[in-house]
Each structure stands twice: as structure tokens, then as C-alpha cells.
Amino acid sequence: MKITCRAAITDGKGQYFIDNIQVAEPAPDEVLVKIKASGVCHTDYDSLNWDQPLVLGHEGAGIVYQVGSHVSHVKPDDPVLLNWAIPCMTCFQCKLENYHICEQNSPVTGQGHASNLGHAHATGCLWKGESIARSFHLGTLSEYTLVKAAAVTKIKTATLPYECAAIIGCGVMTGYGSVVNAAKVEAGCCVVVLGTGGVGLSVIQAAKIAKAGMIIGIDVNPRRLEMAKQFGATHCLLADAQDQGLLQMAQQVKQLCGGRGADYAFECTARPELGAAPLAMIRNAGTAIQVSGIEQEIPFNMNLFEWDKLYLNPLYGKCNPHRDFDRIIQHYQHGELLLDEMISARYSLENLPLAFDDMLKGKNAKGVILFK
């Protein structure tokens, strides 16, 4: 028996609309989730042009509606959050506990993207009578979604709102994990964050949790710099959009950091022209982290690597869903990680165009779609 529900659909050619889909009962290793909240991310907007029809959305939380016969870690009515780095637990990378770059199930790294192993069965979601894929194997901008059991993490506390759980699923995890798992920021160090949107604010908060001594937020948007102060930035610098590669800004950073540069710099703007910028911000033997997922070809001045500098490009904050989600929730419960405050606006599914528009104009730290 299929459920008919409303979902945000893209044709893959730049257009999107709200329409009915049919969602089937779960296969043995799948879970049917009634979505309660879904974050709105720049990647969702990018996916409008991925040249295939999709159910939009990849940050979500909700209630288990039905489970497959092989599923035991969750049951109907359990509150859950979803993660798109769906581990198979058996491939080369999963055995190394690199679950975020699973060779079988990941929508990014899985078998050259050609496999469907991390996706719920193809006929489990129909649009106009035809199978339709769910973005990042999740499709959270829908009243119901069918996912692999490995994509589902039980929320073990009653104090975490669904809207907060939803944003943990990608943006917060990416920022937090880039600091804690990838860079392994140490206490007392100097951290620079380029771009103080939702992911950048998560980097700032994680750096504060790691007890960084100086946290410098950089943005062209004064409103976002005010947010950065609220979330833990010790210094905020307003960038000039004409400062190519932020090389002039890098001189200001060096002055703040003993004349040598920061220990760590995190690029969170998703702007290809700033892909090399974090290298200009760090000291010799410092570490630059590419957080925002720039994939375009970027020319590098190799002098920026001098000397002994590292440039890491971690996926999804090197997410280990079995460990990291619980840690993030604990930080939230202890008041160390602000999630409610990150949600600037809430929308209905029908108001998705406004949510995208507000996001693109930089009005929100994070926007969330709420479902009844």
C-alpha cells in the first residue's frame, strides 16, 4: 500500500514545484519516515540543475512510520534524524571507519556515483507513475520519505526539537566535523573562518568547543558577522568583495596572529575564487580546510603552500554517524552548541521559493521547512 504525499520536485533543469508523490512500504532493510522538519541548504538549490528529476532535500528529521523486517535499531514512533553518508559497513573504507566515503552506498563516493546501493528500492518512490530518485538518497523535502536503515539515527532525548535535529544532519555536522574530526583543532590556537553562514557558524561553534584561543570570522555581509559574534567569534573582519583571493585580508589576519598567520583556516563560502584563500591565512605548517565542497577547477599559486602547509578537503566533516550525532546532541544539551538560535526562519513546504530566496540573499543563518 502506497502513501500519497506532497513533496518538492525538481526537473533537474532549474525548475522545481510542489507535487504529489507515492511512497511505498519499506523493503526489509529500509525505513519509512514521516518528516517533521527539513533544513534548506545551498546544495538543495544547486541540485535544481543536476540534470535529473529528484525529490529535493537532504537535511531531515522526523518520526519512524514503518520499518522493514530486518530493521531492529528503530521502531515505529521513534524520533530520528537522517544522514546521507550511508555506510555499508563492509567496504574498504567502512572497515577503516571512513563511513563518510563508503565505496558502496555514498551518493558522492559510491562506485563512481553509478550504484544505487545506498538508495531505497527504486519503485519505492513514484512521481507521475515513474520512479524518481531522492536527493542524496534521502529526499527530505517531502511529507514522507523511504530510506535505507543505515541512514536513520534514533534521537535518544526528548529535548531536541525536530528542526534542530534536521540541521544537524548536514550543515552542522559538516562544520563541526571539519573542526573536530578533520583539523583536530587544539586548545589555545588561532582559527579563521571564511564565510559565516550556517556551515561557518557551525565551524565557529566547534572551534569554541575545542577551546580555540582566537576565532576570527570573515564575511562580506555585516549581518552575518553579527551572528558570528553571537556564536563565538572573538574577532570579526568585514571583507572587501574586490579583495581578490582575500590577500589583503590575509595581512590583517597575520597581524592578529603574531605576524605569522592562523593555525587553521576554514573556507565556508563555496566560492571557487576563494578556494585558495585559506592558504593565504595560515602560518607555515598551518592547516587549511576546504569545508564548502568547491569542485570547480581552481588555479593555485604554489607560493601559498610555503612552507609545510596542509590543505584538506574532507567530505561531510568526516562524519561517523554512530559517534558524531550523539556528541553533537550532547553539546546542545549542555548549552555548548546553539541550534535553536541558528534557525533564523521557518517555512511551510509551499513557501520553499521564499526560503530559497532568503537563503540566497544571506538573510538566514539557517532556514527550515516544517511539516505538520
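Reply: Happy to! A nonpolar core is a set of buried Ala, Val, Leu, Ile, Met, Phe, Trp, Tyr and Cys residues joined through side-chain atoms within 4.5 Å. Keep in mind that this is a predicted model.

The largest such core here has 80 residues, and those touching the most other members are L160, V185, V191, F266, L339, L352 and I369. Helix α3, residues 162-183, gives the largest share of this core, with 11 residues. Apart from this core lies another, of 24 residues, including C190, M249, A276 and A288.

Let's start with L160. Leaving aside residues up to four places away in sequence, L160 touches I155, A165, I168, I329, Y332 and L339.

Next comes V185, which sits in the loop between α3 and β12 (190-194). Buried means under 20% relative accessible area, and V185 is at 11%, so V185 counts as buried. With residues up to four places away in sequence again not counted, V185 touches V179, V191, A210, A212, Y264 and F266.

Now back to α3 and its partner, helix α4 (residues 198-209). Their axes come within 7 Å and cross at roughly 40 degrees, so α3 and α4 are oblique to each other. The crossing of α3 and α4 is right-handed. On the α3 side, the contact is made by G171, V172, T174, G175, Y176, V179 and V180, and on the α4 side by V199, S202, V203, A206 and A207. Sorted by type, the residues of this contact are 8 nonpolar and 4 polar, with no charged ones.

Conventions. Residues are numbered from 1 along each chain as its sequence is written. This is a predicted model: local features need pLDDT of at least 70, side-chain atom pairs count only at pLDDT 80 or more; totals for chains, interfaces and linings use all residues. Side-chain values use heavy atoms; hydrogens and water are left out. Buried means under 20% relative accessible area, exposed over 50%, partly exposed in between (1.4 Å probe, protein chains only). Helices (H or I, at least four residues) and strands (E, at least two) are DSSP runs, numbered from the N terminus. Contact means heavy atoms within 4.5 Å. Axes are lines fitted to C-alpha atoms, for helices over the stretch in contact, and angles run from 0 to 180 degrees between N-to-C directions. Angles under 35 degrees count as roughly parallel, over 145 as roughly antiparallel, 65 to 115 as roughly perpendicular and the rest as oblique. A crossing is left-handed if the near helix is turned anticlockwise from the far one by less than a right angle, and right-handed if clockwise. Ala, Val, Leu, Ile, Met, Phe, Trp, Tyr, Cys and Pro count as nonpolar, Asp, Glu, Lys and Arg as charged, and the others, Gly among them, as polar.
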